[in-house]
Amino acid sequence: MQSRTDDPRERDQSGLYDAPDSYRELGEVSAKPPVQDETDSSREQTRRRRDGEIRHGEPVLPPAGGREQKREQIKEQGTKEVEVLRLATQVYTHSYLVLFAILGTLARLGLTALTRYPGTPVIFNTVWSNFAGSLVMGFLAEDRMLFRHEWGISTYDQAIRSAKQKHRDEERGSGSAPVMDLTAAKKAHLATKKSIPLYIGLATGFCGSFTTFSSFIKDVFLALSNEMVTPGVADSPAGRNGGYSFMAMLAVLITTISLSLSGLVIGAHLAIALERVTPSIPFPFARKALDPLAVLLGWGCWIGAVLLCIFPPNNSWRGQATFALVFAPLGCLARFHLSLHLNGRVATFPMGTFAANVLGTVLLGMAWDIAHVPIGGVVGCQVLQGVEDGFCGCLTTISTWVSELNSLRRRSAWVYGTASVVVSLVSMIAIMGGLRWSDGYSKLLCSV
């Protein structure tokens, strides 16, 4: 077994992370995995215990060898090193968010294009990206192998070995040594993830940008207002009555929410099933290669997207994606900071994610209205589409939303989920309904 002095993480303190305490408020790194069966692991109980409202139970942060011990060891070297480490962690985190926001937007646009074809059985095709992004989120939440070489994860390995040794001792009929608490080790593992920029980039950046709450609410409104048309079908649904429109609205709501929640659970089960074959990211490789590469690729790709939008030719195929890539990191970073500052205010209601989803839905409704009135030109329409797909698509998220629903108690989850849908849909009706039921929508200028 490698001693502490031989551990490269002990010799090279510059390779560690020192994430701000506010990172724990991110909905993507909540303290309860999707399929973990615990009686005292709800989101609000975790926060109350952390804030001192509950004085008993296990610590939320990792035990010895974890994040707090790591920070104390680094502080012994001086305040300047701590400040540099904190700044480096934030730079890496934001770089990963920019990079994965671009990749998540590309994945969403590509999957939406692939699943929209004549006669498709699912005409609100953003459900595919919402399901897939929630599945990846579930996998990341339950996975304990990708980042097993990080600080505090050795506790989980020791708990596994202890449980196996107890099983062998029971088979031989001999006395067994004390067994470590596997549940506490899993909590330590998940808490450690909160300080890893790559994990935050994958969960908050990629999954949050791959899924979109604003487009989901837009589809609900289009179904309710009788504007959703099956691709390739010539018959117009103009004669459909209000009862059918109401059923269409319920179909979008039930299908999207149910599939997203099931994707979260399926992803978690996949992580458990594939634990033996899931590779682990080497500690030096993550510090020396991935983190600096994320800074280069993240900001470089963002600048490249801006240049593609500035310089001609402004072809339609470029405008459909490049403007979305320009606005995508802005939406992702805005959602990230809203979560940091607002999610911890109410233990039973993630205000940051709620504000991001409602705000993004309002902005998408405004952009949709402007794009469907006879003003502007081709480039203007492409910019509005970029705002919808890029900024609003990344500002709002389904994967974080269903992860929070899963981590809250039943009553809190119903209140939070219902409030998110109702407030967003009412806002969409007020914004888009005014144009829809007065002058009506005109044909998109950039579609010709």
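Helix 13 passes helix 16 in a right-handed crossing, a term used when the near helix is turned clockwise from the far one by less than a right angle, anticlockwise being left-handed. The helices named here are DSSP runs (H or I, at least four residues), numbered from the N terminus. The structure is a predicted model, in which local features need pLDDT of at least 70 and side-chain atom pairs count only at pLDDT 80 or more, while totals for chains, interfaces and linings use all residues. Residues are numbered from 1 along each chain as its sequence is written, and side-chain values use heavy atoms, with hydrogens and water left out.

Two packed helices are described by the angle between their axes and the distance between the axes. For helix 13 (residues 351-371) and helix 16 (residues 410-436), the axes come within 9 Å and cross at roughly 15°. Helix 13 is therefore roughly parallel to helix 16. Axes are lines fitted to C-alpha atoms, for helices over the stretch in contact, and angles run from 0 to 180 degrees between N-to-C directions.

A second pair is formed by helix 5 (residues 126-142) and helix 15 (residues 399-407), which pack at an angle of about 50° with their axes 9 Å apart. These two helices are therefore oblique to each other; angles under 35 degrees count as roughly parallel, over 145 as roughly antiparallel, 65 to 115 as roughly perpendicular and the rest as oblique. Helix 5 also passes helix 15 in a right-handed crossing.

A search of the whole structure finds one salt bridge, defined as a side-chain nitrogen of Lys or Arg within 4 Å of a carboxyl oxygen of Asp or Glu. It joins the side chains of Glu 142 and Arg 144 at 3.0 Å, N to O. Glu 142 counts as buried because its relative accessibility is 3%, and Arg 144 counts as buried at 5%. Buried means under 20% relative accessible area, exposed over 50%, and partly exposed in between (1.4 Å probe, protein chains only).

Leu 274 lies in the loop between helix 10 (242-273) and helix 11 and counts as partly exposed at 37% relative accessibility. Its C-alpha is 8.9 Å from that of Asp 143, although the two residues are 131 apart in sequence. Leu 26, in the loop between helix 1 (8-11) and helix 2 (43-51), counts as buried at 1% relative accessibility. Leu 26 and Phe 336 are 310 residues apart in sequence and 7.5 Å apart in space, C-alpha to C-alpha.
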